[in-house]
Amino acid sequence: MDHGKSKVITEKIKVYGIVQGVGFRPLVYRTAKQYGIKGTVRNVGGYVEIVAQSEKEVLGRFFADLKENKKGGYEIIRMEAEELPFMELEDFVIVESGSSAEILVIPPDLPVCPECMRELSDASDRRYQNPFTSCMSCGPRYTIIEDLPYDRNRTSMDDFSMCGACREEYTSPESRRFHAQTISCNDCGPYLIYQDKEDDHGGLLEKEAFEKTIEVLSQGGIVAVKGIGGYHMVCSPFLEDTVKRLRKLKGREEKPFAVMFPVISEIRKYCVVSEEEETLLESKARPIVLLAMKQDSMAPSTGNGSIYCGSFLPYTPLQHMLTEKLGPLIMTSANSSGQPIIREDGPMLALSSPYLNGVLYNERRIVRSVDDSVAKIIEGKPQMIRRSRGYVPYPVFLSKEEGRGEDWTNTGIFAAGGDLKAAFCLCQKGRAVVSQYFGDLEEDAVMEEYQRSYADLTRLFQLVPGLAVCDLHPNYHSARFAEALGFPVLKVQHHHAHIASVLAEHDLKGPVIGVAFDGTGYGTDGNIWGGEFLVCEERDFIRAAHVSMFPILGGDGSMRDARKTAACYLLHAGLEAYIRDERIGVIKAALEHNVNTVLTSSMGRLFDAAASVLNIGHENRYEGECAILLEKEAVLAERKAVKPTDICFGINEREGILELDPRPVFKALCSMRNKEETGSLALGFHLALAQAVAAICERLRSKYSSNAAALSGGVFQNALLAGHTVRLLREKGFNVYLNQAVPPNDGGVSLGQAYLGNKYLKSGIMDLERTGCHVCCSTGKNNSDKR
C-alpha cells in the first residue's frame, strides 16, 4: 500500500523453524531498532509473528538480515508474509505471547554457550561458578517446557522468582538475557544440594555441595548427578574397583560406558578424532560419539575391551565445572539396566545401594525424561544410534522442495514404532517429530513412560491423530497400544518401514532398492525376516531378494544364545560335523520335530552364528554383543593390514526371487577356522557380505530400473560393513542413501511408518471414518480387512 512519498507499508510475517527459546525475539527487536522499524514481535504457538512497518526496501533488508544471520541459535525454515492495512505504530516492542492451534517446532535443549562459559570462569562476574547459568542462546528447553508458547511461566523455571538484578537483565533490550526464560543466578536459584547416602540429616548446599561432590569422586566414589533430562551416575573411568561397583549399581555387566571429557584436546589423548567427528562432538546436540580408541589406558571395566569409546563433551555449566576439576568422567544414565532414566528427585534420593555414595541435585523440575543421544560417523556423515537429547523434538521435514506441501496430508498421524529401542512419531503436514528413545517396551516401566509421553506430546503439539500406524507383529506392545487408541490402524511390515525411513529422510522418488538387515521383523508370510532386499515405490514394496530361510529355535533366549543359533544353522546347512555344542542331540530333535521352531532370514542371527563358529562370542549379554565382537576382530585385522580370507556367499534364484545363500561362507569358516587367523576370517565374512549386497543390487537394478540403493536396519550400524557396502555400490554407479536424521535401528522405524501412513492417506485408499480399518502392506499388494 502506497502512502505518499514514503511508501510505508505494514507486513505481518509468520516465521517457522527453531525460533522459540533461542533468543530470536530479542534479536528481531534489536534488528528492528537498528533499521528504525516500528511494530511488534511475539511467540504464537510454535512460530513467531512479526508485525513490521517501514518502507518496503527497508523491510526487505530487515527480513534478509534475519534469514542470513549466522550468529544466533535459531533456524528459519520458512517465512510467510501478509500485507496489512496501514495502521499508526509508534515503536517496536515485544508483546505478550499468543496461542495457535498449529505447533510446528519446539526447541531442543541447548548446550551452554561460549559467552556463558566466559562468565562461568570469570571471578569478577556475578555468575562466576554458577552451575545453572544460561542465556537466550543456551540452556534447557524441551525438558523444562510445560506448555507453549515458550515463556517462563510455562516452564519449570516459574518455580523460581527472579532477583532484582536478573529482572533488570530480563527486561533490558541490550542484555543477552533479554527475555531469556531460563535466567537465574547465585541469588535466585536453582542451587545445588548434596545428599550423602549414609547421612539422612539434611544436605550440603551450593559451594559446599559442589566441593563435597569433587571430594567423593576424587576418592573413588560414585555420585548421582542431576542433569537436564535425568540423573547420571558419575565416577572416574580410571579406577577399576569403582567402575566394577558402578556395574553392580546399574546391573550392567558388559556394555561399555560413555565418558565425558572436558575438551576436545583431552579426547584426542585417548581416541582418534576426525574433522567430521570433531564437528559432531561440538554440535549443538552434544551427542555421545563413538570414536576409535588409540589405547585402552582407562580402567578395563570402563570399555570392557571395546575398540570404541563413547565420548562426549559437557553441555551444562555443572558438567563443565566437574570435568574441569576432575578430568574425564564416566557419565551414564541413572537407571537399572533396561529401566527408564530417573528424572525425579524422590526416587533418586530413595535409592538404597551400598555402591552409591551420594546425590547432587537441585529443585528445578525435569518435565520429561530425555537420555543422551549417541551417534557415529560413517562414510563422512553422522549416523544416529540413539536420537534423544539435543535432537528431540526437532522435526524431520519430509518435503525438501519448495511448494511440495501438497504431498503431505493435514491428518495427524501417530506412528507407534517398534518394541525394541522404542520411539514413536507424530506427523502432520510433512513435519515428523520422532520422540525420544525409551528402550524395550517389554519392561512395564518403559511402557508406562512411552504411554505418558504420547499423551504429553500430543497435548504439547496440539495434535489429534486421525490415523495410527504400527508394526505388523501381532504381539508388539506398541501395536497393541496403537490399536487401543480407537483410530483407524495401518499395519506396516517392519523392514518396509526401515527402508521407508530412508525414503522419508531423503525425499526419494521412483523405485528404490532397499537393503534392510537386522535381527528380527515379522514378515507378511508369518516368518521372521531380517535379511531383505525390497524394491520400494510410494506405499508399495516387492520382496525381490532375501537371505535363504533357515530354522532356529524360538523362545525368549533365542536372540541371546549365539551358540544355539550356530548349531541350528549348521544343521540346516549340512555341516553337522562342525558343531561344537553338547546340546546337539536336543537341538536336532527339536528341529526335526518342529518343536518351538521358526523360519528366519535374519542377518543378525547369521552374525551371531559366525561369531560363535569362529569362537569369538557365544552369548549376547547385551543386544548385539556377538556381532560387535565379530566386527571388532575384523576391524583390528584391517587396521593391521591382515589379508581377508577369500570367501563368498552364494546367490540363487527361486520363483523369480533372488536368495543370498550363506552356506558357502559357513562351510569356509568351519573348515578354515583352525588354519586361518580369526581376524582374517572375520574380515573375509564382512567383505563377502558387502560384495554379495552389491551383486544382488546390480541384478535388481537391471530388473527394476532403479539406480538408488537405501541401506537401513541395525546391522548397518556396523561401520565396517556399511563402509565397504557403500563403497562397492558407488563403484557400480549406485546412488546410495543411509539414515542420518534417525537411527537405522528400530529407533527410526516410526519415521518410516509415518511416511507410509501419509502415502496411504494421500492415495485415498483408507476410509478414515472410525471403522477400525486395518491395512497390511504386503509384497506388491494392499490387503485390507475391516473389523
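The model is predicted, so local features need pLDDT of at least 70 and side-chain atom pairs count only at pLDDT 80 or more, while totals for chains, interfaces and linings use all residues. Residues are numbered from 1 along each chain as its sequence is written, and side-chain values use heavy atoms, with hydrogens and water left out.

**Stop 1: E49**

Select E49, which lies in strand 3. Helices (H or I, at least four residues) and strands (E, at least two) are DSSP runs, numbered from the N terminus. Is E49 buried or exposed? E49 is buried, because its relative accessible area is 9%. Now show what E49 touches, with contact meaning heavy atoms within 4.5 Å: K12, I13, T40, V41, R42 and V44, leaving out residues up to four places away in sequence.

**Stop 2: the sheet around it**

Zoom out to an open sheet of five strands, in the order 4-1-3-2-5 and with mixed pairing. Two strands count as paired if DSSP finds at least two bridges between them. Strand 4 (75–84) and strand 5 stand at the edges; each has a single partner strand, so one side of each is left without a neighbour in the sheet. From one strand to the next, the twist averages 20°.

Color strand 2 (residues 38–44) and strand 3 (residues 47–55): they pair in the antiparallel sense over seven bridges. Along that pairing, V44 stands opposite Y47 in strand 3. Next pick strand 5 (residues 92–94), which runs parallel to strand 2 and is joined to it by three bridges. Here T40 stands opposite V93, and G39 stands opposite F92.

Helix 2 (residues 56–68) lies across strand 1, strand 3 and strand 4, running at about 145° to strand 3.

**Stop 3: helix 4**

Select residues 164–171, helix 4, whose buried residues are C166, E169 and Y170. They cover an arc of only 100° around the axis, which puts them on the same side of helix 4; the arc is that of the directions from the helix axis to the C-beta atoms. Turn to the face away from the buried side and you'll find the exposed residues G164 and E168.

**Stop 4: P287**

Go to P287, in the loop between helix 8 (275–281) and strand 11 (288–292). P287 is buried, with a relative accessible area of 0%. Beyond four places away in sequence, P287 touches L280, L281, S311, F312, S373, R389 and Y391. Draw a distance from its C-alpha to that of S311, 24 residues apart along the chain, and you get 8.4 Å.

**Stop 5: the nonpolar cores**

A nonpolar core is a set of buried Ala, Val, Leu, Ile, Met, Phe, Trp, Tyr and Cys residues joined through side-chain atoms within 4.5 Å. The largest one has 78 residues, and those with the most contacts inside it include F517, F666 and F685. Helix 20 (residues 678–704) gives the most to this core, with 14 residues. Apart from it lies another core, of 38 residues, among them L249, L280, L281 and M293.

Note on methods: Buried < 20%, exposed > 50% of the residue type's maximum accessible area, 1.4 Å probe, protein only. Axes fitted to C-alpha atoms, helices over the stretch in contact; angles between N-to-C directions.
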